[in-house]
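Here are some questions on how the parts of this structure pack together.

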Amino acid sequence: MATIESIQSAYIDYVLTKGEEPKSVYLFAKENEMTEEEFYRFFGSFEAVEQNIWADVAQKTVTEIKTQEVWPQYSSREKALSFFYSFFELLKSSRSFAVYSLRKHHRMLSHPRVLDSLKVIVENFADDIINQGLESGELADRKFFAKRYKDAFWAQFGFILNFWIDDNSTGFEKTDEAIEKGVNVTFDLFERSPLDNLFEYGKFLAKNGNFKQKMGV
Amino acid sequence: MSEIRKEQNSIPTSKVERSAKFVKTGFKIGGNYIKHYSKKLFNPDLDKTELNEDNATDIYDSLSELKGSALKVAQMLSMDKNLLPKAYTDKFAQSQYNAPPLSGPLIVQTFRKYFGKSPEQIYDKFNLKSNNAASIGQVHQAELNGKRLAVKIQYPGVGDSISSDLKLVKPFAFRLLGMSEKELDVYMKEVEERLLEETDYELEVRRSVEFSNACSVLNNIVFPEYYPELSSKRIITMSWIEGKHLREFLETNPSQELRNQIGQALWDFYNFQQHELRAVHADPHPGNFLITPEGKLGIIDFGCIKEMPEDFYEPFFGLTSTDILNDREETIKAFRELEMILPGDNEQQIDFFYRMYHQMITLFAKPYLSSTFDFGQTSYFEELYGFGERISKMPEFKQARGVKHFIYVNRTNFGLYNILHELKAEVKTDTYKPHFAADVI
């Protein structure tokens with residue numbers, strides 16, 4: 001009896017040994033001794049299988065990091081870091097598939113479609129920790145921009161994923177550095193910075209201080 | 001170390017970024033000079049202290065942000081008090097204690113990579129906030145089976161960046177030390193070798209065990225216990241030593257007796273290694289020592305070991321501990337072996353360097369001449385620094401002289417002298433004496 005997991009692993013095995021996706025669902029099902037119907041009970045297409053594999057890794061990551069003892073003590077910044085480190089640690093065991101799946105798609109402006117379901121999970125997670133950060137005051141609540149923070153998080157994710165695909169340092173140490181640096185920079189931007197103060201000051205001067213009269217305007 | 005420091009948010013690691021950091025420093029120093037000279041226009045009496053202080057702050061700021069090997073260089077420069085103006089050394093001395101820590105998740109990640117487990121699964125307790133920085137790593141407190149542990153974790157990518165870092169530091173070292181390029185190259189290569197060794201934590205654990213066993217005959221010295229099974233390429237686990245750093249210790253106004261005891265332990269530790277083991281813990285900066293409540297000296301870092309080959313040891317210590325110095329011909333022979341006098345030197349140069357090095361070694365060997373020596377006396381150190389300053393201004397000394405082994409051996413011995421001076425300790429200097437293969441000289 002086929003299950004989600006058995007179809008996933010049969011699919012991974014197929015694409016990695018043959019280097020391409022099966023010609024048809026019929027063929028794939030026959031080779032793995034199931035009916036086409038069984039396949040369609042779980043997935044609508046091969047693309048859906050890939051989407052599901054990616055989403056699984058993200059979901060596992062989120063579940064796993066939340067069980068860590070230190071989790072509640074982490075700031076939003078640290079939660080983000082923890083997510084990235086754990087995600088790539090988990091992904092390491094299916095690196096060949098990850099490389100196959102991403103390289104198959106030509107780099108486009110937006111993300112490849114196989115990452116569609118993963119994106120939802122990552123964005124939900126980002127939303128969560130960003131809202132926590134906004135509530136605790138760790139992150140700056142800026143009009144308009146605060147709503148875009150999660151987009152920045154997603155862009156960061158895409159960048160590091162691409163970095164990791166091309167990383168050939170031992171133990172992917174360079175990816176660790178990319179995460180530590182990149183996430184910290186992003187969160188620095190989310191935090192209250194001197195620019196916010198400067199902006200506030202400008203607003204204050206514009207309203208008060210008879211700025212205009214003094215300048216002779 | 002209870003105060004919570006702001007964790008550093010960005011560690012520039014690519015060469016471009018690091019260069020940018022140094023360029024920025026360069027601009028700032030340029031600015032400091034402009035500030036200095038424009039002030040001097042109006043006040044001709046102004047001395048360079050303020051300028052040096054401004055420069056030191058800027059250099060320190062950029063070095064501490066760079067971490068890793070650059071910080072190491074800052075520590076090294078701060079050791080050579082005789083080579084640097086006071087303002088630089090005070091500021092650099094800070095780097096011996098404080099550098100901003102790395103994020104908690106990265107620490108967890110490092111453990112999972114090397115042990116497949118998180119620190120909480122390995123230890124009973126593990127403090128994610130680091131206690132202090134160890135220049136290429138940071139130290140955390142942990143507990144296992146009721147024992148307190150110190151866990152040292154190395155920053156990722158340190159080994160990779162050492163070579164490129166040293167190249168970047170070079171122009172600053174030119175300026176600060178006023179050395180010629182050739183001299184600096186010898187220095188840099190030796191430093192690079194030692195620094196790369198320091199990034200190998202597996203080697204460090206092996207050596208630490210070896211050295212602490214070999215030195216166990218010494219009095220008033222304690223070593224941490226090492227746990228090789230809980231150590232890896234980038235992690236070292238050792239037992240925690242309770243104690244104060246030198247500066248904190250001195251703030252408690254310890255008695256002369258206690259200061260002598262610590263000083264003696266330090267002296268014995270170094271001379272035992274030099275003369276019995278012929279290899280020495282070559283990183284005597286105060287951050288590597290702790291003074292325990294029982295008045296013992298704790299030694300916590302064996303990252304940097306300098307081995308002394310026969311062809312260096314024999315001529316060098318022959319000079320300091322026998323009466324060769326009274327014999328001009330024999331002395332010049334030893335100087336030639338040590339490349340302090342070079343084959344191409346003419347009569348005049350031979351005479352000049354003979355006199356200078358003779359004076360230098362006589363000064364250096366002074367503590368060995370009597371059976372006890374008071375390192376508290378400032379006159380000796382003034383003479384020492386004065387001499388260092390004088391020769392650093394002599395054009396003859398711009399050229400590379402002396403075999404490369406001098407770099408670490410000098411650093412070790414001057415570091416030792418400096419610490420003993422700060423302790424104002426009086427020590428018995430005849431405890432471990434040099435001995436030679438052919439003991440008939």
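Helix packing and the chain contact

In this predicted model, the buried residues of H6(A) pack against H1, H4 and helix H5 (76–91) of chain A.

Q: Which are the buried residues of helix H6 (residues 95–103) of chain A, and are they on the same side or on opposite sides of H6(A)?
A: The buried residues of H6(A) are Phe97(A), Ala98(A) and Ser101(A). Ser96(A) and Arg103(A) are exposed, on the other side of H6(A).

Q: How do the axes of H1(A) and H4(A) run: roughly parallel or roughly perpendicular?
A: Helix H1 (residues 4–18) and helix H4 (residues 46–67) of chain A have axes that come within 10 Å. They cross at roughly 105 degrees. Angles of 65 to 115 degrees count as roughly perpendicular. Therefore H1(A) against H4(A) is roughly perpendicular.

Q: Which residues in H4(A) meet H1(A)?
A: The contact of H1(A) with H4(A) has 5 nonpolar, 2 polar and no charged residues. H1(A) brings Ile7(A), Gln8(A), Tyr11(A) and Ile12(A). In H4(A) they meet Val49(A), Asn52(A) and Ile53(A).

Q: Which helix gives the most to the side of chain B that touches chain A?
A: The contact takes 18 residues from chain B and 18 residues from chain A. By class, the chain B side has 7 nonpolar, 8 polar and 3 charged residues. The helix that gives the most to that side, with 7 residues, is H5 (residues 104–115) of chain B.

Key
Residues are numbered from 1 along each chain as its sequence is written. Chains are lettered from A and ligands numbered from 1 in the order in which they are written. This is a predicted model: local features need pLDDT of at least 70, side-chain atom pairs count only at pLDDT 80 or more; totals for chains, interfaces and linings use all residues. Axes are lines fitted to C-alpha atoms, for helices over the stretch in contact, and angles run from 0 to 180 degrees between N-to-C directions. Helices (H or I, at least four residues) and strands (E, at least two) are DSSP runs, numbered from the N terminus. Angles under 35 degrees count as roughly parallel, over 145 as roughly antiparallel, 65 to 115 as roughly perpendicular and the rest as oblique. Two residues are in contact if their C-beta atoms, placed from the backbone, lie within 7 Å. Ala, Val, Leu, Ile, Met, Phe, Trp, Tyr, Cys and Pro count as nonpolar, Asp, Glu, Lys and Arg as charged, and the others, Gly among them, as polar. A residue is buried if 20 or more other C-beta atoms lie within 10 Å of its own, exposed if 12 or fewer, and partly exposed in between; C-beta atoms are placed from the backbone.
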